[in-house]
Amino acid sequence: MLLAFCLTSFTLWGCLTLGGEALEGETQAFDEWALLRMRNPADLSDPIGSRVFEEAMRDVTALGGFTVLTLITVVAVISLWRLARRREAMILAVTVLGAQLSSDLLKALYARPRPALVPHESYVYSNSFPSGHSAVSAAVYMMLAIILIPALRSAGSRAAVCTLAAVLVVVIGISRTYLGVHWPTDVIAGWALGSAWTIIGWLALNLTVSKSAEPIS
């Protein structure tokens, strides 16, 4: 519990600190440098990589979109509820909702404009800090991995699930900067916020769930 509290405090502190630094312009040099590394120097409207790669990054970013994450969460919550794993269903729902609402609140609080340095390759309609895709995808995919892991007998299967969740979260975040719709520090702050909610969810599971799921092959 102490470790979870410290980790949650650290990730939240990191998110809020980045927000303050961004508003003061302290992160601007890094943000611009990192964002431009993902663009063709001769044409800033052209992200690096082939057209196929660009389209793939749009597909990846959709995995962190509101519609996809909502569908995944709803299906997971309903499935857990029908399997009589109601505490896990409720904790998953609260964790994801908390990540979404806190992301929206911080967007309104910091009101950081989207990058204007390069054209946007994806439609956006809200403020930039923090990245909602990064925050909520971290909460969804990492919590699903945490819930699934106890039901897996093989260490290799557990490692594969953890790796898949981590890769998804990282690539979704990178895609937001690649498409020019978020500064890199927006993404980092989103990861921190989503991780904080994941730790809270993990702690809640350990405190309330009395027994793990029955191992499967």
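Which residues in H4 meet which residues in H6? The points below take up this question and then turn to other features of the model, which is a predicted one.

1. Contact of H4 with H6. From H4, the residues Val68, Leu69, Ile72, Thr73, Ala76 and Leu80 take part, and they meet Val136, Ser137, Val140, Tyr141, Leu144 and Ile147 in H6. The residues of this contact divide into 10 nonpolar, 2 polar and no charged.

2. Geometry of H4 and H6. Helix H4 covers residues 66-82 and helix H6 covers residues 132-148; their axes come within 10 Å and cross at roughly 25 degrees. Because this angle is under 35 degrees, H4 is described as roughly parallel to H6. The crossing of the two helices is left-handed.

3. Packing of H4 and H5. The axes of H4 and H5 are 7 Å apart, and the helices pack at an angle of about 160 degrees. Since that value is over 145 degrees, H4 is roughly antiparallel to H5. Here too the handedness can be stated: the crossing of H4 and H5 is left-handed. On the H4 side the contact is made by Phe66, Thr73, Ala76, Val77, Leu80 and Trp81, and on the H5 side by Arg86, Glu88, Ala89, Met90, Leu92, Ala93, Val96 and Gln100. The residues of this contact divide into 10 nonpolar, 2 polar and 2 charged.

4. Salt bridges within the structure. Side chains of opposite charge can pair when their charged atoms come close. A search of the whole structure finds 5 salt bridges. One of them joins Arg58 to Glu55, with the closest N and O atoms 3.3 Å apart. Both residues lie in helix H3 (residues 51-62), where they are 3 residues apart, about one turn of the helix. Arg58 counts as partly exposed, at 26% relative accessibility, and Glu55 likewise counts as partly exposed, at 41%.

5. The pair Arg85 and Glu88. Arg85 forms a salt bridge with Glu88, and the closest N and O atoms of this pair are 2.8 Å apart. Arg85 has 19% relative accessibility and therefore counts as buried; the cut-off for that class is under 20%. Glu88 counts as buried at 11%.

6. Asp186 forms a salt bridge with Arg112, their closest N and O atoms being 2.8 Å apart. This pair links distant parts of the chain: Asp186 lies in helix H8 (residues 184-208), whereas Arg112 lies in the loop between helix H5 (86-110) and H6, and the two are 74 residues apart. Asp186 counts as buried, at 0% relative accessibility, and Arg112 counts as buried at 6%. Together with Asp31, these two residues are linked in a network of salt bridges.

7. Backbone features in the loops. Most residues other than glycine have a negative phi, and most peptide bonds are trans. A cis peptide bond joins Phe129 and Pro130, with omega about -10 degrees, and Pro130 lies in the loop between H5 and H6. Ala111 lies in that loop between H5 and H6 as well; its phi is near 50 degrees, a positive value, and the residue counts as partly exposed at 43% relative accessibility. Ala84 lies in the loop between H4 and H5. Phi of Ala84 is near 65 degrees, again a positive value, and Ala84 is exposed, with a relative accessible area of 63%.

8. Is Cys15 buried or exposed? Cys15, placed in helix H1 (residues 2-23), is buried, with a relative accessible area of 1%. Leaving aside residues up to four places away in sequence, Cys15 touches Leu106, Phe129, Ala189, Ala192 and Leu193. Of these, Phe129 is one of the two residues joined by the cis peptide bond. The C-alpha atoms of Cys15 and Leu144 are separated by 23 Å, and these residues are 129 positions apart along the chain.

Technical notes
Residues are numbered from 1 along each chain as its sequence is written. This is a predicted model: local features need pLDDT of at least 70, side-chain atom pairs count only at pLDDT 80 or more; totals for chains, interfaces and linings use all residues. Side-chain values use heavy atoms; hydrogens and water are left out. Axes are lines fitted to C-alpha atoms, for helices over the stretch in contact, and angles run from 0 to 180 degrees between N-to-C directions. Helices (H or I, at least four residues) and strands (E, at least two) are DSSP runs, numbered from the N terminus. Angles under 35 degrees count as roughly parallel, over 145 as roughly antiparallel, 65 to 115 as roughly perpendicular and the rest as oblique. A crossing is left-handed if the near helix is turned anticlockwise from the far one by less than a right angle, and right-handed if clockwise. Contact means heavy atoms within 4.5 Å. Ala, Val, Leu, Ile, Met, Phe, Trp, Tyr, Cys and Pro count as nonpolar, Asp, Glu, Lys and Arg as charged, and the others, Gly among them, as polar. A salt bridge is a side-chain nitrogen of Lys or Arg within 4 Å of a carboxyl oxygen of Asp or Glu. Buried means under 20% relative accessible area, exposed over 50%, partly exposed in between (1.4 Å probe, protein chains only).
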